[in-house]
Amino acid sequence: MTPSDTAASFVLKPATQCALVDALVEHGWYVGHGAIDLGLCEALNRELLHRAAYNGLDEAGIGRGQQHLLRKDIRGDAIHWLDRESAAQRHYLDAMSELQQALNHALFLGLFEYEAHFAHYPPGAFYQRHVDSFRGRANRVISTVGYLTPNWPSDGGGEMVIYHPDDPSQEVARVVPEAGTFACFLSETIPHEVLPTHQPRTSIAGWFRRNASLGGVLDPAR
Ligand code: OGA
Ligand code: MN
């Protein structure tokens, strides 16, 4: 079976959804190893590496809308927003819509949208500790990261460190960015960072959002 034949429910293994909901409720974060179909990871990784090789990525910034800033001292990845242009992207995004439905059904979160980008961290790049959403403009509710690089070596660096929501000095998990691993956490409360990588590191970072448009001012999507 090629990735393009894979039904959305097999992209993210069914058992993953239940474990994920339980872990989000209990800890605010979830990490599943081998959670994403490896054939799909391979297709997505190929697409991202092709973009990285042929100038098809944009330098990532921090902040949204008019506050968008390029800060290599804070984050060093280059990105491309998913736009459903390939079968692999469509399969990944379809699996995320299924997950969105499961999350809304189990937790009444009212998630209405998902946005995601490919991320390529060249050797030496990192992303300093941060949270993905600020209280008051809490339109990003749940963050997801799907990892795409196969055979990540033990000395490859690039782990995502998850910190305790009430004590940001306390490390609670270290996620090796190995293809197939899927991480998920509450966007407002879970501090996390990407340690400097020693080799090219590929992933898809995404966010389930609630509609935060207020007073007729449209909240910028990115
Ligand atoms: C992000 C992020 C983590 C990762 O893009 O906001 O925290 O492991 N990514 O790539
Ligand atoms: Mn983040």
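In β11, H120 has T202 as its bridge partner. This is a predicted model, where local features need pLDDT of at least 70, side-chain atom pairs count only at pLDDT 80 or more, and totals for chains, interfaces and linings use all residues. Residues are numbered from 1 along each chain as its sequence is written, chains are lettered from A and ligands numbered from 1 in the order in which they are written, and side-chain values use heavy atoms, with hydrogens and water left out.

**Overall**

- The protein chain has four helices and 11 strands; these are DSSP runs numbered from the N terminus, helices being H or I of at least four residues and strands E of at least two.
- Of its 222 residues, 51% count as buried (under 20% relative accessible area, with exposed over 50% and partly exposed in between; 1.4 Å probe, protein chains only).
- Among contacts between residues at least 6 apart in sequence, 80% join residues at least 24 apart (contact: heavy atoms within 4.5 Å).

**Sheet**

- Seven strands form an open sheet in the order β1-β9-β6-β11-β4-β3-β2, with antiparallel pairing (a pair needs at least two DSSP bridges).
- β1 (29-32) and β2 (58-59) are the edge strands; each has a single partner, so one side of each lacks a neighbour in the sheet.
- Helix α2 (residues 14-27) packs on the sheet and touches β1, β6 (140-147) and β9 (182-186), its direction making about 150° with that of β1 (axes are lines fitted to C-alpha atoms, for helices over the stretch in contact; angles run from 0 to 180 degrees between N-to-C directions).
- Helix α3 (residues 38-53) lies across β3 (78-81), β4, β6 and β11, at about 60° to β4.

**Strand β11**

- β4 (residues 113-121) and β11 (residues 201-209) share nine bridges in the antiparallel sense.
- H117 of that pairing has A205 as its bridge partner in β11.
- β6 and β11 pair antiparallel over seven bridges, and Y147 has S203 as its bridge partner in β11.
- Nine of the nine β11 residues are buried, so the strand is largely enclosed by the rest of the structure.
- R201, S203, A205, W207 and R209 point one way from β11, while T202, I204, G206 and F208 point the other way.

**Nonpolar cores**

- The largest nonpolar core has 37 residues, of which Y92, L103 and F182 touch the most other members (a core is a set of buried Ala, Val, Leu, Ile, Met, Phe, Trp, Tyr and Cys residues joined through side-chain atoms within 4.5 Å).
- At least two residues of this core come from each of α2, α3, α4 (87-107), β4, β6, β9 and β11.
- α4 gives the most, with seven residues.
- A second, separate core of 11 residues includes I74, I79, Y127 and V194.
- Beyond its neighbours within four places in sequence, L103 is in contact with L20, V21, L24, F108, L109, L111, I142 and F208.

**Manganese site**

- H130 (NE2), D132 (OD) and H192 (NE2) coordinate the manganese ion (ligand 2) at 2.1 to 2.2 Å.
- Donors are N, O and S atoms within 2.8 Å of the metal (3.2 Å for Na, K and Ca); water is not among the atoms, so sites may look incomplete.
- Along the chain, the donors of this ion follow the spacing H-x1-D-x59-H.
- H130 and D132 are both buried.
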